[in-house]
Amino acid sequence: MTTEPAAPAAPTTRPPRPRGDIWIQRLLLIEAAFCLALAVTSVKLIPFRRLAAWSSRRPAGARLMPPDTTDLEVLRADADWRQSWRIGRLVAVAARKVPFKAVCLPQALAGQSMLRRRGVPVEIVYGVKRDTETGGIAAHAWLEYRGRGFLGHEVAPDHTEIARFPSDRARGPE
């Protein structure tokens, strides 16, 4: 009786995650849900001009935004971009899971808040488009890092940018 050797296991396309990474993800998701709750409450209770002033304020010692880039290799090598992308995805997941409606503006405020605490300079971008069904306008907010959207940016090309916070567009050296 001959037995054939077992076929080798197919290589995985993704490296195994470090064991503690799942707990870090869960803690970030909890932080995102808390920030969303705070942002939804803020949007309902605080006038927009004060929210805009808060999101324009640079924390003491904050880094300036590096220059915009279209080079994906430069972005992939940037630790702040990876952190922005990760937190952006977790805020989007949390927005779908929380028991209240967290639309684009609270998501952008929550993402900016989480990234600010980590020293990552991001911008909230506000845009509008004409709503063809009602004849009015539809507004949207999304987050960008180095000119690249990472939270709410999927529908941003349909919108015309009207404001950006921080609005001074100060840029640091690359």
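Me: What share of the contacts between residues at least 6 apart in sequence join residues at least 24 apart?
Reply: In the protein chain, 73% of those contacts join residues at least 24 apart. Bear in mind that this is a predicted model.

Me: What does the secondary structure come to?
Reply: The protein chain has five helices and four strands. Starting at the N terminus, the order is α-α-α-α-α-β-β-β-β.

Me: How much of the chain is buried?
Reply: Of the 174 residues, 39% are buried. The accessible surface is about 11100 Å², and carbon and sulfur atoms account for 59% of that surface.

Me: Which residues have the most contacts inside the largest nonpolar core?
Reply: Val91, Tyr145 and Phe150, in a core of 35 residues.

Me: And which elements give two or more residues to this core?
Reply: On the helical side, helix 1 (21-45), helix 2 (48-56), helix 4 (79-97) and helix 5 (104-117) do. Strand 1 (123-130), strand 2 and strand 3 do as well. Helix 4 gives the most, with seven residues.

Me: What is Phe150 in contact with, leaving aside neighbours within four places in sequence?
Reply: The list is Trp81, Ser84, Trp85, Gly88, Arg89, Leu115, Val122, Leu143, Glu144 and Tyr145.

Me: How do strand 2 and strand 3 run, and how many bridges join them?
Reply: Strand 2 (residues 137-145) and strand 3 (residues 148-151) run antiparallel, with three bridges between them. Glu144 sits opposite Gly149 of strand 3.

Me: What about the turn in that hairpin?
Reply: Two residues lie between the strands, and Arg146 takes a positive phi near 55°.

Me: Switching to helix 1. How does its span compare with what its residues should give?
Reply: The two agree: helix 1 has 25 residues, which at 1.5 Å a residue should span 36 Å, and its end C-alpha atoms are 36 Å apart.

Me: Which of its residues are buried?
Reply: In helix 1 the buried residues are Asp21, Gln25, Leu28, Glu31, Ala32, Cys35, Leu36, Ala39, Val40 and Ser42.

Me: Why would residues three or four places apart point the same way?
Reply: An α-helix has 3.6 residues a turn, so residues at that spacing point the same way.

Me: What do the buried ones pack against?
Reply: The buried residues of helix 1 pack against helix 2, helix 4 and helix 5.

Me: OK, salt bridges. How many does the structure hold?
Reply: Nine. One of them pairs the side chains of Arg86 and Asp21, at 3.0 Å from N to O. Arg86 belongs to helix 4 and Asp21 to helix 1, so this pair ties together parts 65 residues apart in sequence.

Me: How accessible are those two?
Reply: Arg86 is partly exposed, with a relative accessible area of 26%. Asp21 is at 17%, so it counts as buried, the cut-off for buried being under 20%.

Me: Where does Glu123 come in, and which side chain does it meet in a salt bridge?
Reply: Glu123 meets Arg164, at 2.8 Å from N to O. This pair links distant parts of the chain, with Glu123 in strand 1 and Arg164 in strand 4 (residues 160-165), 41 residues apart.

Me: Buried or exposed, those two?
Reply: Glu123 counts as buried at 3% relative accessibility, and Arg164 counts as buried at 11%.

Me: What else does Arg164 form a salt bridge with?
Reply: Glu161, with the closest N and O atoms 2.8 Å apart. Glu161 is partly exposed, its relative accessible area being 42%. Through shared partners, salt bridges join Glu123, Glu144, Glu161 and Arg164 into one network.

Me: Last one, Gln112. Where is its place?
Reply: Gln112 is in helix 5. Its relative accessible area is 1%, so Gln112 is buried.

Me: What is it in contact with?
Reply: Leaving aside neighbours within four places in sequence, Gln112 is in contact with Trp54, Ser55, Val122, Ile124, Leu143, Phe165 and Pro166.

Methods:
Residues are numbered from 1 along each chain as its sequence is written. This is a predicted model: local features need pLDDT of at least 70, side-chain atom pairs count only at pLDDT 80 or more; totals for chains, interfaces and linings use all residues. Side-chain values use heavy atoms; hydrogens and water are left out. Two strands pair if DSSP finds at least two bridges between them. A nonpolar core is a set of buried Ala, Val, Leu, Ile, Met, Phe, Trp, Tyr and Cys residues joined through side-chain atoms within 4.5 Å. Buried means under 20% relative accessible area, exposed over 50%, partly exposed in between (1.4 Å probe, protein chains only). Contact means heavy atoms within 4.5 Å. A salt bridge is a side-chain nitrogen of Lys or Arg within 4 Å of a carboxyl oxygen of Asp or Glu. Accessible areas come from the Shrake-Rupley method with a 1.4 Å probe; for residues, only the protein chains shown count as cover. The expected span of a helix is 1.5 Å times one less than its number of residues.
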